[in-house]
Amino acid sequence: MQQIIDEISKCLKAIRPRISEKDYVKLSAIKVPRVHQFIAESAELCNPERIFISDDSPEDIAYIRRMAIETGEEKPLAMPGHTVHFDGPYDQGRDREATKYLVPKGDYLSKALNQIDRDEGLAEVKGLLKDSMKGRTMIVRFVCLGPPNSVFTILGVQCTDSWYVAHSEYLLFRPGYKTFTKADPDTHFLRVLHSSGRLNENMVSVDHDKKRVYIDYSEDIIYSVNTQYAGNSVGFKKLAFRLAIRKANQEGWLAEHMMIMGVHGPGGRKTYFAGAFPSACGKTATAMLPGETILGDDIAYIRNVGSVARAANAECGIFGILQGINSHDDPVLYKVLTSPCEVIFSNVLVKDGKPYWLGMGCELPKDGINYTGYWWEGKRDENGEPIPPAHKNARYTVSLKVLENCDPELDNPIGVELGGIMYGGRDSKAYVPVQQSFNWEHGIICYGAALETETTFAIVGKEGIPEINMMSIQDFISIPMGQNIRNNLNFGKKLKKPPLIFGVNYFLRDLKTGEYLNSPRDKHVWVKWMELRVHNDVGARVAPTGLIPKYEDLRLLFKKVLNREYSKADYTKQFTIRVPENLAKIERVERFYREKVADAPEELFIILNQQRERLVEAREKSGMDYIPPELFEEE
């Protein structure tokens with residue numbers, strides 16, 4: 001015990017000149033030596049003028065909000081509680097090239113993962129962080145991932161010089177200071193060190209060419225520098241998610257890129273679903289369906305509790321994409337974003353104190369302020385390309401609890417029981433809009449591991465490039481990819497009644513015209529059908545790729561859910577099995593895992609080949625490449 005006291009005293013002494021008496025007392029209440037070591041080492045490296053310790057009190061939260069505005073990192077908007085933050089033109093999304101794992105010598109990650117030698121990477125990123133906070137305040141935030149005092153709880157500490165980042169964390173994560181004051185000296189926690197780096201007069205990071213986001217998984221530390229975009233700087237979003245995946249792998253549970261929602265069914269029941277979708281593929285829109293409840297929109301922890309799959313949201317807020325949110329398609333969310341409450345907008349167009357974004361359902365102003373400064377219609381970038389009024393990846397940050405459809409089980413310490421899991425991406429050619437797997441293993445492989453999508457504006461780089469995005473965590477996986485697949489397969493085998501697994505695809509197109517075959521609102525029908533399937537309330541047809549809905553069930557659901565007639569012609573177009581496209585998909589998936597994933601389990605290739613054989617057999621039996629759903633037998 002004396003050794004612990006001595007270690008803490010040594011660290012406190014080192015930072016004493018930079019910290020107020022009040023903050024000194026706050027920090028002294030924590031008896032976890034590694035917390036003090038992390039803060040002291042971060043201060044020595046980054047050289048801040050002062051250190052502010054946040055204890056999650058209303059006074060500290062208000063101070064962080066005020067400082068975000070006083071420094072100019074955020075600007076107040078006309079609506080009470082609304083502010084806007086701008087990232088630079090080269091800092092508008094998660095940066096794959098700049099994000100790397102620090103891999104110790106002798107360790108191994110899949111070739112598909114961006115990585116650098118640990119010693120080399122540490123030297124580089126620490127060199128960039130050296131004196132990066134000179135003349136500034138280092139803000140220390142304590143967070144709790146997952147409900148507090150529960151089997152899901154993971155603690156974290158972030159040191160940052162961005163008041164915007166600290167403010168965002170209050171909306172996105174549960175407070176953790178009190179939990180740290182009660183924690184044992186050897187408590188495990190995640191660490192994040194972030195600096196915005198050199199800023200211009202608009203408080204925007206300017207050294208974008210020196211942007212680095214490095215994950216030291218051997219020490220559970222994330223380093224982020226020369227970036228402000230929240231996906232790169234709010235360390236407990238997707239960055240700490242990578243570390244949670246490793247922790248889950250070691251302990252036998254699942255950390256997933258999934259929303260969690262409650263779906264109402266007959267007789268007043270509510271069934272919980274988790275859903276994995278790459279960014280900008282419909283995850284939040286599904287979680288926010290009108291009349292249902294949202295428990296989470298991004299990161300789910302799933303544990304085996306008494307042989308039942310139970311899920312909890314790692315977060316308590318949303319960092320969501322604004323494009324396409326309007327009063328017609330997203331009424332609940334739109335109401336929040338246009339009402340007085342605490343919202344941080346980023347990279348929108350601002351005119352007369354009001355935020356505007358693409359697809360909001362009204363005419364946008366012809367000029368205003370956006371992420372490039374003063375913007376006017378026709379403004380072009382240095383390459384001569386037109387600059388949109390708001391960025392495609394413009395975002396909002398808001399607490400879940402301000403949503404009228406926030407699920408009351410958000411902070412349940414044992415989570416919620418999952419009835420189903422869905423995987424969805426942008427697949428314009430192959431998969432039908434909704435289908436159920438034949439069993440857990442088939443779903444994990446053919447809908448999860450084989451998840452194929454097109455790159456979107458949420459990631460820096462080209463859009464519209466088809467790629468495999470395993471279980472929608474390709475950007476975040478921090479263990480060998482084959483091991484992750486095995487973890488998922490094994491998790492289901494230990495459950496009494498595994499959740500049903502569904503594949504969804506909101507982006508299927510007509511092969512001739514290229515038109516989408518789904519409207520954005522159709523997803524509500526697919527979700528309601530899945531809820532009925534969980535309880536065996538409707539039947540299905542047995543297609544080669546899974547169990548698909550029957551026309552008569554969908555016709556009733558379209559009328560009940562959307563008050564719309566659903567034609568047999570639409571059903572046939574949407575649920576025709578496209579044999580050539582599905583066979584080509586299997587080829588792409590197999591090639592990816594054979595070339596990029598050295599530890600891919602043999603079970604993956606067996607299950608994919610079984611799907612190939614079913615498709616070939618169906619083609620031979622029907623004599624068709626494109627088989628209408630009516631030709632498949634009912635289960």
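**Note on the predicted model: strands, cores, cavities and backbone**

1. Strand β16 (residues 300-305) pairs with β17 in the antiparallel sense over 6 bridges. Helices (H or I, at least four residues) and strands (E, at least two) are DSSP runs, numbered from the N terminus, and two strands pair if DSSP finds at least two bridges between them. The model is predicted: local features need pLDDT of at least 70, side-chain atom pairs count only at pLDDT 80 or more, and totals for chains, interfaces and linings use all residues. Residues are numbered from 1 along each chain as its sequence is written, and side-chain values use heavy atoms, with hydrogens and water left out.

2. The two strands β16 and β17 form a hairpin with 2 residues between them. In its turn, Gly306 has a positive phi of about 65 degrees. Ile302 has Ala311 of β17 as its bridge partner. Strand β17 (residues 308-313) is mostly covered, with 5 of its 6 residues buried; buried means under 20% relative accessible area, exposed over 50%, and partly exposed in between (1.4 Å probe, protein chains only). β17 also pairs in the antiparallel sense with strand β25 (residues 416-424), over 2 bridges, and there Arg310 has Glu417 as its bridge partner.

3. The largest nonpolar core has 162 residues. Such a core is a set of buried Ala, Val, Leu, Ile, Met, Phe, Trp, Tyr and Cys residues joined through side-chain atoms within 4.5 Å. Tyr301, Phe345 and Trp526 are among the residues with the most contacts inside this core. Leaving aside neighbours within four places in sequence, Tyr301 is in contact (heavy atoms within 4.5 Å) with residues including Leu145, Phe152, Trp253, Arg310 and Ala311.

4. An open sheet of 5 strands has the order β2-β3-β19-β24-β18, with mixed pairing. β2 (75-76) and β18 (317-321) stand at the edges with a single partner strand each, so one side of each is left without a neighbour in the sheet. Within the sheet, strand β19 (residues 343-346) and strand β24 (residues 395-399) run antiparallel and are joined by 4 bridges; Ile344 stands opposite Thr397 in β24.

5. Helix α17 (residues 579-596) has 18 residues and reaches 26 Å from its first C-alpha to its last, close to the 26 Å expected; the expected span is 1.5 Å times one less than the number of residues. Its buried residues include Leu583, Lys585, Ile586, Phe592 and Tyr593.

6. Lys585 is also one of the residues nearest the centre of the second largest cavity, which is lined by 14 residues. On a 1 Å grid over the protein atoms alone, a cavity is a set of points where a 1.4 Å probe fits but cannot get out, and lining residues have an atom within 4 Å of a point. At least two lining residues come from each of β25, α12 (440-449) and β29 (500-504).

7. Asp131, in the loop between α5 (118-129) and β6 (137-145), has a positive phi of about 60 degrees although it is not a glycine; Asp131 is partly exposed, at 36% relative accessible area. Asp220, in the loop between β10 (212-216) and β11 (221-225), has a positive phi near 55 degrees and counts as buried at 15% relative accessibility.

Note on methods
1 Å grid on protein atoms, 1.4 Å probe; cavity = no way out; pocket = protein on both sides within 12 Å on 5 of 7 lines; lining within 4 Å.
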